[in-house]
Each structure stands twice: as C-alpha cells, then as structure tokens.
Amino acid sequence: MAGCAGVFATEGNNVNIAGSSTVFPVTEAIASSFSERNPTVNLSLSKTGTGGGFGNFFCAGRTDINNASRAIADAEIEQCGNNGITPIEFQVATDALTVVANPNADWIDCLTVEQLREIWRADGATHWSDINGEWPDEPFELYGAATTSGTFDYFNEAIIGEEENHRSDYHATERDRTIVQGVQGSEYAMGYFGFSYYSENPDSIKAISVDDGDGCVEPSIETAMNGEYTPLSRPLFIYVAKESLEKEAVRDFVRFYMKRAATDLVSEVGYVPITEEKRDENIEKLETAIAEVTA
C-alpha cells in the first residue's frame, strides 16, 4: 500500500485513506485482508493525524476515507460541505488510551486523573517530586500526541478539561513509535497513545493504571470493553465521503471493513471490536448511502 501523495479520490480503482495514527493499525489490518482478496484494488493508506487528515485530505476531496480517533468537528463538517463532501461516520472499534512510563520508574504504577492533569496541564508540575514528595526530584521528559491528533484532543478533553490548557513543552509527534522510543530511552519519561502501541511493546514500556475515583484500573481490552477504564476509553471511527461511494472499489472496501470490524482482527491489533449490533447498524447506514448515490 503506497502513500497517498499525489493520488486523488476521483481515481476509479483507488481507495485513498489518511487520518488518525491510532486507528491506522485497525484499517491497515483490514486493508491487508481485503487486498489478499482484491489484488486489483489499490489501497493507499497514510498517517496524518485525525485533524490533519480532515483538513488537508478528506475535506479537500483528496481521500475517500479518514481514520479518526475523535468525532468530526463542526468546522470540519463546514469545510467538507464547502467542498461538496458529505462525511458518513462509522464507529469501528473502542480504544483504551494508555499512559506509559519507563519500566525502571519503579515509583509509579498508578496515577489519579488529578495527578495526570497536574503533569500535563500548562504551568503544572515540572518534576516527579511535585506530584509526590517521595518520588525522584527529577524533571519529567514528556512525549505525547501533536495538536493535529485526535488523541491530543481526546486526552485534552478527558484529562485537562476546559479550565486549563495542555502544556506545550513536551515532545509532540504524530508518530506513536517515536513516543515508544522516547519513553524507552529515559527513566523519567512519560507518554500517551492508543493501546495498540502499548500492546506491541509490553516488556519495554510500562502501562500506568488510572484512578478515576474508584481505584486503580489498568488499561486493557477487557477494561475498555466493560466500561471500567475511565475516562480514557473512547470510540474510534472512520469517516467515508458519501460521494466516494459512487466508486465500486470504495463500496466493496467499506462493506468489507464493516464486517471485519466486529471480528478478532480488531482485538489482534489491540482494540475492542464493535458489537454485532453496531456492525448491523453500520451496514444498514452504509447500504442506505450507497442506494442514494447509485440510484
């Protein structure tokens, strides 16, 4: 699957996808399975961040599908509308957004939401000892999502809240593996990203449990599925341009995606599959849209 530079959504046998790095592993796995069965369809998949994908590609008419780790914003809907793009939302998985530390940080296994807020808010704590006087008097080395990322938006909303701003003095990136490497490289590092990237590296980084008032809960597929892992479990989406459903390749791929999103293929990459009820709801929404554009 090639990158999407220079490939536009109007080309008939291409399915062009950009957007969230969090949703990327789900779409990549499903796209790989689809390509084995449909070798003549050219699937183009890239990581641009949720916001970057909407703003620079999807709403500009350059891609058919946008991976998104948050819901589309009103301004993005307006931009799409101005360009004749009608976005259709499909939930495809649930994620346990995961806070990670270096394995040698033996002083920390769990943080409250309030402690996380103090670490990540602007003008908040600067040293581990600011959170707990028994912890090292060493500055944080922080790695997190770039501001164009849906993960940044979700973490900001769930942890920082409306009264404060996310701090800007951290290593911001769209590349989740860069966060993994940064946390692996420093005893005093912390980062956050989708659970899939932790599940790839459970021996070299440590997942931090979160206490939202009812005790410490580890991030996992199980705790995200049963609703225990709050406030950092979240729905993941793809957005399909209704106009792109005029292309047979896009119709076939999205149909395939909706069915596979309810299977173990999703859990194998570290996320919670959608329910059969949600799958059926998605398929009904999809078929209605297809009927409208192909009538």
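I looked up Arg-121 and found it counts as buried, because its relative accessibility is 17% (buried is under 20% relative accessible area, taken with a 1.4 Å probe on protein chains only). The model is predicted, so I note that local features need pLDDT of at least 70 and side-chain atom pairs 80 or more, while totals for chains, interfaces and linings use all residues. Residues are numbered from 1 along each chain as its sequence is written, and side-chain values use heavy atoms, without hydrogens and water.

I placed Arg-121 in the loop between helix 4 (113–120) and helix 5 (128–131); helices are DSSP runs of H or I, at least four residues, numbered from the N terminus. Setting aside residues up to four places away in sequence, Arg-121 touches Ile-160, Glu-164, Asn-165, His-166 and Arg-167 (contact means heavy atoms within 4.5 Å).

Next I looked up the largest nonpolar core, which has 83 residues, with Trp-120, Phe-253 and Tyr-257 having the most contacts inside it. Such a core is a set of buried Ala, Val, Leu, Ile, Met, Phe, Trp, Tyr and Cys residues joined through side-chain atoms within 4.5 Å. Helix 10 (residues 248–260) gives the most to this core, seven residues. A second, separate core of 10 residues includes Ala-68, Ile-85, Phe-237 and Tyr-239.

I then checked Trp-120: beyond four places in sequence, its contacts include Leu-142, Phe-155, Ile-160 and Tyr-192.

Technical notes: Helices (H or I, at least four residues) and strands (E, at least two) are DSSP runs, numbered from the N terminus. Buried means under 20% relative accessible area, exposed over 50%, partly exposed in between (1.4 Å probe, protein chains only).
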